Amino acid sequence: MVLRSAGALLLALTLASCAPPPRYPRDVSFADLPGWTTDRHAEAIPALLASCSAIARLPPDRTLGGEGELARDAGSLGPACAEAATLPPGDAAARAFLERRFRPVALGEGTLTGYFEPELNGSTGRSPRYATPLLARPPELVEADLGTLAPDLRGRRVAGLVREGRLLPFPDREAIMGGALAGRGLELAWVDDPADAFFLQVQGSGRVKLEDGRVLRLGYAGWNGHAYYAIGRALVESGALTRENASMQSIRAWMEQAGPEAAAVLMARNPSYVFFRILPGLPLGTGPVGTLGAPLTPGRSVAVDRTKLPLGLPVWVAGRDPLDGGALRRLAVAQDTGGAIRGLARADLFTGWGEAAAARAGRMREDAAMFLLLPR
C-alpha cells in the first residue's frame, strides 16, 4: 500500500512537471485580472477617449497593429468609442462599460519599464554654455517598413541614405556628434548638458526651457536606422554597475563621476540617434504625442510592441511600484511604441514630466502580468 501510494505520488509529480506551460495569448475573465476591482477606472477613460479621437481620423480598415487573433483595425473600436463619449462620471460606470464592451486576454508575464518627458535647459542659439544640439530630421533620411515589401519582415523598419539606387547606412551617433550634420541649419535648439540630450533621445520627446522663458515642446521625428544599444548594459558588463542597481539615475551618476570624455565614449556605444520636430500649440499641462497621434496621459499611457499588440486599446498591467514597493495594478491605454519595446508581454509606462516622473521611470524595471482588453 505504501509503495503504491509513493508510486502514485511520483507519477502525479512527473505528470505535473510535464504539463505544458500556459498558452498566450489566451482568454480569461475580469476576475483573473489582479486588482481589477481596486483601480480608479474613470481615470483611464480620458486616455481612451484621446485614442478614440486619433483613431476617428483613420479609415475604418486601417490597421492598428497586432498579430494573429489580436490584430485589429480602426473600425473595431467604433462602438466602444461611441459609448465611452457618453459615460457618466465615476469608477463604477467606467468599470461596467469596460466589462460590457471588452473581453480580457492574458498576455503572460513580462517586463514593465517606465519613460517620461524630460525637461532640459536650452537656447535657440549656440553659446559656450549651450553647446549640444538637438537636430531636426535631415531631408535625405529615408525610412521604410519592410513589411510592406515582404510579409515575413512585418514590423521591421530600416532607415538610411539612397545613393545610386541603393540604401546605405546613415551616420551613427559618434559621427553625428562629431559634426557629420553640422552647418546645415538642422539645429532646433542647443542644450547645456550632453547627457540630458542623450536621455531625451532615449525618451523620444521632451521640453526645452529657453532663456527667454518660452518652453519648446519636441517630439520624435525619426532615427538614423542604427540599432539601439542600452549603455547600462556596457556598465554592467564592465562591472561598474550591477544589473540590480542599473537605472537612469545610476548611469548618470557614473557619467558625472567619470567625467565628460568618458561619458561621451559611453554614449557613443549606442549608435542610434533620434531626430526631433517642434510640437507647436501643445499645452504645458498635456503630455507629448505618442505614435497613435494622441497626447499621452501620465500613469495611463503605455508603449507596446505594435507588431504584437494593436494601438488604441486598453491594457491591464499588474506589477510593482519601484519607489515604494507597493502593488502597481492599473488600466492604461496602448498609445505609443519604442525601439526597445519588443514582445507580447512588454510595456513601457509613461510616468509624466518633472522630477517625480523621472525618478519613477528611471527605476522602473519590474516583472508584471499583462492583459489586453479586446473590443467585443
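E237 and R233 form a salt bridge, with the closest N and O atoms 3.0 Å apart; the term stands for a side-chain nitrogen of Lys or Arg within 4 Å of a carboxyl oxygen of Asp or Glu. The two residues are separated by about one helical turn, because they are four residues apart in helix 7. E237 counts as exposed, at 53% relative accessibility. Exposed means over 50% relative accessible area, buried under 20%, and partly exposed in between, with a 1.4 Å probe and protein chains only.

## Basis of the model

This is a predicted model, in which local features need pLDDT of at least 70 and side-chain atom pairs count only at pLDDT 80 or more, while totals for chains, interfaces and linings use all residues. Residues are numbered from 1 along each chain as its sequence is written, and side-chain values use heavy atoms, with hydrogens and water left out.

## Overall architecture

The protein has ten helices and 18 strands. Its radius of gyration is 23 Å, close to the 21 Å that the globule rule gives for 376 residues, so the protein is as compact as a globular protein of that length. That radius is taken over C-alpha atoms, and the globule rule is 2.2 Å times the number of residues to the power 0.38. Helices (H or I, at least four residues) and strands (E, at least two) are DSSP runs, numbered from the N terminus. The C-alpha trace spans about 85 × 55 × 50 Å along the principal axes of the protein.

Of the 376 residues, 46% are buried. The protein exposes about 18,500 Å², of which carbon and sulfur atoms supply 54%; accessible areas come from the Shrake-Rupley method with a 1.4 Å probe, and for residues only the protein chains shown count as cover. Among contacts with a separation of 6 or more, 78% are between residues 24 or more positions apart. A contact means heavy atoms within 4.5 Å.

Helix 7 covers residues 231-238, and its residues I231, G232, A234 and L235 are buried. These four lie on the same side of helix 7, because they cover an arc of only 155° around the axis. The arc is that of the directions from the helix axis to the C-beta atoms. Cover for the buried residues of helix 7 includes helix 6 (194-203), helix 8 (248-258) and helix 9 (260-268).

Just after helix 7, G239 takes a positive phi of about 90°. In the loop between helix 7 and helix 8 lies S247, which counts as buried at 13% relative accessibility. Leaving aside neighbours within four places in sequence, S247 is in contact with G362 and R363.

In helix 9, A263, L266 and M267 are buried. An arc of only 95° around the axis holds these residues, which puts them on the same side of helix 9. E261 and V265, on the other side of helix 9, are exposed. The buried residues of helix 9 are covered by parts that include helix 5 (173-180), helix 6, helix 7 and helix 8.

A195 is found in helix 6 and is buried, with a relative accessible area of 12%. Not counting residues up to four places away in sequence, A195 touches R252, M255 and M267. Between A195 and L328 there are 133 residues in sequence and 30 Å in space, C-alpha to C-alpha.

## Salt bridges across the chain

The count comes to 20 salt bridges. In one of them, the side chains of D39 and R300 meet at 2.9 Å, N to O. D39 lies in the loop between strand 1 (26-27) and helix 2 (45-55), and R300 in the loop between strand 13 (274-278) and strand 14 (301-303), so the pair ties together parts that are 261 residues apart in sequence. Both D39 and R300 are buried. A network of salt bridges links D39, R40, E43, D91 and R300.

R157 forms a salt bridge with E143, with 3.8 Å between the closest N and O atoms. R157 is in strand 8 (residues 157-163) and E143 in strand 7, 14 residues apart. R157 counts as partly exposed, at 45% relative accessibility.

## A nonpolar surface patch

V142, V162 and L167 form a nonpolar patch on the surface, with about 230 Å² of accessible area together. Patches are made of residues with over 30% relative accessible area and no salt bridge, with like charges joined within 9 Å and nonpolar side chains (Val, Leu, Ile, Met, Phe, Trp, Tyr) within 5 Å. V142 is in strand 7 (residues 142-145) and counts as partly exposed at 34% relative accessibility.
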